[in-house]
Amino acid sequence: MKKYRVADAAAPFVQYDMIQQHTELPVYAEPRLQLLFGALKSSNYSKEQSELYNVVTALVQLGMDTHDLIDTETGQRTEEQMRSRQLKILAGDYFSARFYQLLAKAGEIELIGLLSKAVADVNRLKVSLYEKVQSATLSAEEYLSSRINLKSEMFKPFQRFFEEPLLSAWNELLHYVSRFEVFYEELKDSLAAGGYARSFAYWSLLGMTTTAEEKTLIKQNNYEHLLEKYNIHHVMLDKLHTAHEAIHRLLEHEHFTELKHELHSLMEEMALKVAKYSMKRVEAQ
Amino acid sequence: MKLLEIYAKMKGDINKIENELERVVSDEQPLLSEAALHLLKAGGKRIRPVFVLLGGKFGTYNLDDLKKVAVTLELIHMASLVHDDVIDDANTRRGQLTVKSKWDNRIAMYTGDYIHGQALTQIAQIKNPKVHEMLSKALVEMCIGEMEQIRYFFNTDQSIRNYLLRIRRKTALLLAISTQLGGIVAGCAPQQYNALYRYGYNVGMAFQIRDDLLDLYGTEKQIGKPPGSDIRQGNITLPVILALEDAQVREPLLAEIKRIHDEGDRADTSRAIEYIRNSEGSQLADELANRYIEKALAVLEHLPSNSARKHLVEIAHFVGKRNY
């Protein structure tokens, strides 16, 4: 039997030639979506229901993630740059409309309300984070917890779909999967050229560095050597590893045998990611 | 009866909707609240809420339910305007700075998504599946309409049919379901709420055609944005399509459109507007808008004769003559 993939299931609802022609979309929130799908399936929801809930959450999250790609440039843009921006906006709106249409067709009115409220909540968090980033009034821990909350918010409403012990464990599982995703992205970005600007690394260094000269370097995005000096990559890798361990520990619960089975490939993918960055760390030393 | 008199007669219920709109978008996050209220306070005709209320008068008028539908539709409209201003890179709307201009694109995206989320949270309190089926379908079509508009930017070979399909999706559907959903939540029979749909649809088509004419004939003060914005952006509207069919102006107008395309945002559109005004395009577009108004009025004959029907007649006449 073909393995379920959210990208395949959502494809009919995201494809519109204008979108594909003019812009690139972000990736799906795979780890959280795999967690949700596994949790629904292990809670005796039918395959159809599990797929529907997963696809609509994927769509609404993808819509908001697409809107996150809108630039704030105000200068002259080329026609293609304008089209790309315009289609990102409309793609995000289109995915959101499709989420509503799918749930409306299925008569899932309560879930429309729950997920729509979560959309409003996510955007409230985004404005707060954006405001703090702009005014540079943010600690590394605040930045981290905001990013984790932003990732988990759309998935929290599903807690009420589960029974004990998953009911109690859902938010914690979601937190650690989101935390893992955040640190994986942060590590990836911090190794990409210029990717660490306004990242966890940036906010950490800003709180750690002591001299005025170092603070100036950070603001000029010229601080690769400071990442080494303050051991930032090691801290991030350690946090990635800890998040993976925490999920593993939670799944050891005696009633989660089936959930653990459902999440087997997710855990394997996470283990591979930890190993990948551990290797990079060893190579760097 | 003038439009203002209709609003005055419905003042009590419209005020309740206005208060509810303000309550729903006021947020504990100060910046988000300010940005969301910014557009709300700039005013607007609130035509969608008025349509919902009037549609509801043909059944059992329950303000609590109608208010939820009215607030939802106005918020969906507002959210789309906030995003549209990023799409169009517009600095002013209704004579005020746009959210993207007062803050930036990112805040505009978050504000639009927040308002949209609040809108659907409101409508989810209505449990009638038909409401959600109709509304969600209209939202999908609206997005497709916007994408199709971009596809045809600066395309001077497009047909009238193509334009009509686009404005149907972009504007008419949301107005059509405003009257229709009012009727549905008030428990009207399908024959009645379908007639309400057709009324809203035809008025919506006329409304958009008049809006496209106003972009060519209005002043910045009247329309709240610089005239000629559509053509500068590449949006080839009905008066332009019809003007291009006029042999007298076709070639110079094509050359002007090409120049505007090449020069971009700051291109002067006055000569193109002059060509269109001197063609038969504007008059023909005006006639087509009137035909839609006649259709809307004819549909009303299928509805019981009451004060709501009289108001809908007046609104149709107002849209037909709208010059601001």
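The side chains of A:Lys239 and A:Glu141 form a salt bridge with an N to O distance of 3.9 Å, the term denoting a side-chain nitrogen of Lys or Arg within 4 Å of a carboxyl oxygen of Asp or Glu. The model is a predicted one, in which local features need pLDDT of at least 70 and side-chain atom pairs count only at pLDDT 80 or more, whereas totals for chains, interfaces and linings use all residues. Residues are numbered from 1 along each chain as its sequence is written, chains are lettered from A and ligands numbered from 1 in the order in which they are written, and side-chain values use heavy atoms, with hydrogens and water left out.

Chain A is divided into domain 1 (1-142) and domain 2 (163-285), the bounds coming from an automatic or database domain assignment. The centres of domain 1 of chain A and domain 2 of chain A, taken over C-alpha atoms, are separated by 22 Å. To the contact between them, domain 1 of chain A contributes 18 residues and domain 2 of chain A 20 residues, contact being defined as heavy atoms within 4.5 Å. The size of an interface is often given as the accessible area lost when the parts come together. For domain 1 of chain A and domain 2 of chain A, the buried area is about 1,700 Å², of which 65% lies on carbon and sulfur atoms; buried area here is the accessible area (1.4 Å probe) that two parts lose on being put together, summed over both.

Two salt bridges are counted between domain 1 of chain A and domain 2 of chain A. Across this interface, two residue pairs are in polar contact, both at pLDDT 80 or more, where a polar contact is a pair of N or O atoms within 3.5 Å; within protein, one must be able to donate a hydrogen and the other to accept it, and residues adjacent in sequence count only if both atoms are side-chain atoms. On the side of domain 1 of chain A that touches domain 2 of chain A, at least two residues each are supplied by α3 (30-42), α6 (109-135) and α7 (140-152) of chain A, helices being DSSP runs (H or I, at least four residues) and strands likewise (E, at least two), numbered from the N terminus. The largest share of that side, nine residues, comes from α3(A). By class, the side of domain 1 of chain A that touches domain 2 of chain A comprises eight nonpolar, six polar and four charged residues; Ala, Val, Leu, Ile, Met, Phe, Trp, Tyr, Cys and Pro count as nonpolar, Asp, Glu, Lys and Arg as charged, and the others, Gly among them, as polar.

A:Glu181 pairs with A:Arg32, the closest N and O atoms being 2.6 Å apart, and because A:Glu181 lies in helix α8 of chain A and A:Arg32 in helix α3 of chain A, the pair ties together parts that are 149 residues apart in sequence. A:Glu181 is buried at 7% relative accessibility, and A:Arg32 is likewise buried at 3%, where buried means under 20% relative accessible area, exposed over 50%, and partly exposed in between (1.4 Å probe, protein chains only). A:Ser178, which lies in helix α8 (residues 166-191) of chain A, is buried at 0% relative accessibility. A polar atom of the side chain of A:Ser178 lies 2.7 Å from the backbone oxygen of A:Leu174, and, residues up to four places away in sequence not being counted, A:Ser178 touches A:Arg32, A:Ile148, A:Lys151 and A:Ser152.

Between the two chains, 46 residues of chain B are in contact with 43 residues of chain A. The buried area is about 4,100 Å², 65% of it on carbon and sulfur atoms. In chain B, the residues that lose the most area to chain A are B:Arg106, B:Tyr110 and B:Met147, which together account for 16% of what that side buries. Two salt bridges are counted between chain B and chain A, and A:Arg124 forms a salt bridge with B:Asp27 at 2.7 Å between the closest N and O atoms. A network of salt bridges links A:Lys117, A:Asp121, A:Arg124 and B:Asp27. The count of residue pairs in polar contact between chain B and chain A is 15, both residues at pLDDT 80 or more. On the side of chain B that touches chain A, α3 (30-41), α5 (63-87), α7 (105-123) and α8 (129-151) of chain B each supply at least two residues, and the largest share, 15 residues, comes from α8(B).
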